[in-house]
Amino acid sequence: MPAKYMIHTQTIPNRFRPLTKSGIIAWWEGCLGCRACVKKQCVYDVYRNRDLDVRQMIDSMDNQCMNCLRCVQGCPRELIHKSINPEYEALGDSHWTPDIIAQLWNQAETGKIPVSGAGYSGPFSGPGFDSMWTDMSEIVRPTRDGIHGREYISTGIDLGGTPKHLAFTDSGNLESEPPFLVDVPLPIILRVPPFGSLSDNTIKGWGIGARELGTFLALPNEIIKGELLALKKNLIPIISPCHPLLDDVLEGVRLVEVPWGEKWKEITQKIKEDHPSVLISCRTPLVRGVEERVLSIINSGVSIIYLEGTSSGRVTDDNSIFIKDGIRQIHVALVDKGIRDEITILVGGGLAMAEHAAKSIICGADGVFIDFPILIALECRMCRRCTKGLSCPVEIDQAEASWVASRLINLIGAWHNQLLEVMGAMGIRDVRRLRGETGRAIFYEDLDMNTFGSLGTLREGYELE
Amino acid sequence: MTEGKKQTVAFFYCQQTPESSEQERQYLEEKYERSIRLFPIPCGGRIEPLHFLRALEEFANAAYVIVCPEGECRYFEGNLRAKKRVQRAREIIESIGLEGDRIGILSNSKENPKSLARLVDEIMCNTSRLEPSQVLNLHHSLARPFH
């Protein structure tokens, strides 16, 4: 058995004070001057340890407050209030919600699984991945050795296709060359996001993080230079048709990405001839009816395909279809043709939480690409100011490479642990067995159809609670 | 930070101010570049003299708060309390020789509520005649390393 894959995390403090969901509004006008003021009785000493962060005008009491509401309820003149922070509510967008962003910050800071307290107060179901539930039937007892202890759950995947069968010669030797595979210890591959206030240090930090984690970082071919050349083993150069192939960059890499387009076959052929030991991944947008394109890619001898959805987790050409449904269709189509194992399917676009990685794999992906979460790990607020040339509120470009790498390791460490939790609860001991296991999940649409299908459809805006 | 002749004004504004979403905020920052720093607050009553003083000390030539019209505060008295705090902060800076106009409050109109952009335009117009703050010059010269 190979050595157990562990990600060692440690608390890496934020560079800026994180925005909090709520803030304290404490008035002193009308104060009775009680001898036993509720502010003095705060068990967290929030009022005594106050200071103001001038860069952001954030009061420390908002970060330290634990929302026990003791002061709010205890003040005899009701001079203390709690209010929703408008800046927090303005974070991100409808997909990258403030709560998702805040949870990613927390995971990148602590490296720990987010725990939201007792019970679940959210809706019964939601769009996209929220309409999927995974099987938890194995949670019948605590495991004796613990999934984070001696019990072994493998999260490793192989990149590359495998033949349908092996053929042997009369003498018992393999008739064909054995398949060339690259193994990754976790099914999560990193990707430089399409926007962000990035510097060379940021990219270098992500590269170092990818190396420490044993995974890959996909980035444009033309920015691989200088210190990044030393990290090539863990980089996936993204070949652009506009830029020439750089042989010195491709020498020593294990995987390259070629985008689907006019010249993709030419580029692929050239890489195969010049660098036969390099695995090629073909990137194509996840669109309706992409199955045909996937088949043509398999027929051309490419063994990895990256299906890219939108940053809001939808199919590229239809905003009403979520990537989970797109992945399922392709997986089922390939299984029906009996060629599923000839290709590795990687998916990406809008994957914002650890559960999205697990659920993508259940729908049929082998692994996932994540882009914006690695930016949010660096305290990004998804304000998109950088796309307009405005200054970054958290100065990501000023961050040290070591801090970037440590934050990334923390985030992926937390995601890895959550993947172990999901698989442990499902009783699955290998992430490769999780692929396409839709029978071990419940889909709200299917449940709804089976239960109420004969009664007609629910009107929009209604949901079960 | 103040750079050359560009002077920064700090704006604290109640989240109830009309048209004060993140998009409007970014539009204003694009328009005024580094001349403004915008800080949304849940209520005008959240502001304290310390906010103004720290802003003037660190980066701002002037600091203003934008609050709801009288009688419209969702916390009933937040805007009234903000006025008192502005008054207190003004007294403090006047006592050290700074012009009181560097700190101010602007109440929105009940009858014709103005957008954040219009209110900021008005304040920027008023503060443009202010001379560069001596406190900032002093602060920056003190912050400079000795040779």
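**Entry 1: helix α3 of chain B.** I began with helix α3 of chain B, residues 78-95. In this predicted model, α3 lies across β3 and β4 of chain B. I looked up its direction against β4(B) and found about 160 degrees.

Entry 2: Next I traced the strands of chain B. Which order do they take in the sheet? I read β2-β1-β3-β4, 4 strands in an open sheet with parallel pairing. Strands β2 (36-41) and β4 (103-107) of chain B stand at the edges. Each has a single partner strand, so one side of each is left without a neighbour in the sheet. As a reminder to myself, strands of a sheet pair through backbone hydrogen bonds, either parallel or antiparallel.

**Entry 3: one strand pair.** I picked β1 (residues 9-14) of chain B and its partner β2(B). How many bridges join them? I noted 6, and the two strands run parallel. For a landmark I took A10(B), which stands opposite R37(B) in β2(B).

**Entry 4: confidence.** Where is confidence lowest in chain B? I found that spot in helix α5 (residues 134-143) of chain B, with a mean of 70. Strand β3 (residues 62-67) of chain B is the highest, at 96. For the whole model I wrote down ipTM 0.81 and pTM 0.90.

**Entry 5: where the chains meet.** I turned to the interface. Here 19 residues of chain B are in contact with 18 residues of chain A. On the chain B side, α1 (22-32), β2, α2 (49-58) and α3 each give two or more residues. I sorted that side by class: 6 nonpolar, 5 polar and 8 charged residues.

**Entry 6: a helix crossing in chain A.** I looked at α4 (residues 98-110) and α13 (residues 401-426) of chain A. Their axes come within 6 Å and cross at roughly 110 degrees. That makes α4(A) roughly perpendicular to α13(A). From α4(A) I listed L104(A), Q107(A), A108(A), E109(A) and T110(A). They meet R407(A), N410(A), L411(A) and A414(A) in α13(A). The contact has 4 nonpolar, 3 polar and 2 charged residues.

**Entry 7: domains of chain A.** Last, I checked the domain assignment. It gives domain 1 (22-87) and domain 2 (148-449) of chain A. I noted 46 Å between their centres, taken over C-alpha atoms.

Notes
Residues are numbered from 1 along each chain as its sequence is written. Chains are lettered from A and ligands numbered from 1 in the order in which they are written. This is a predicted model: local features need pLDDT of at least 70, side-chain atom pairs count only at pLDDT 80 or more; totals for chains, interfaces and linings use all residues. pLDDT is the predictor's confidence in each residue, from 0 to 100. Two strands pair if DSSP finds at least two bridges between them. Two residues are in contact if their C-beta atoms, placed from the backbone, lie within 7 Å. Axes are lines fitted to C-alpha atoms, for helices over the stretch in contact, and angles run from 0 to 180 degrees between N-to-C directions. Angles under 35 degrees count as roughly parallel, over 145 as roughly antiparallel, 65 to 115 as roughly perpendicular and the rest as oblique. Ala, Val, Leu, Ile, Met, Phe, Trp, Tyr, Cys and Pro count as nonpolar, Asp, Glu, Lys and Arg as charged, and the others, Gly among them, as polar. Domain bounds come from an automatic or database domain assignment.
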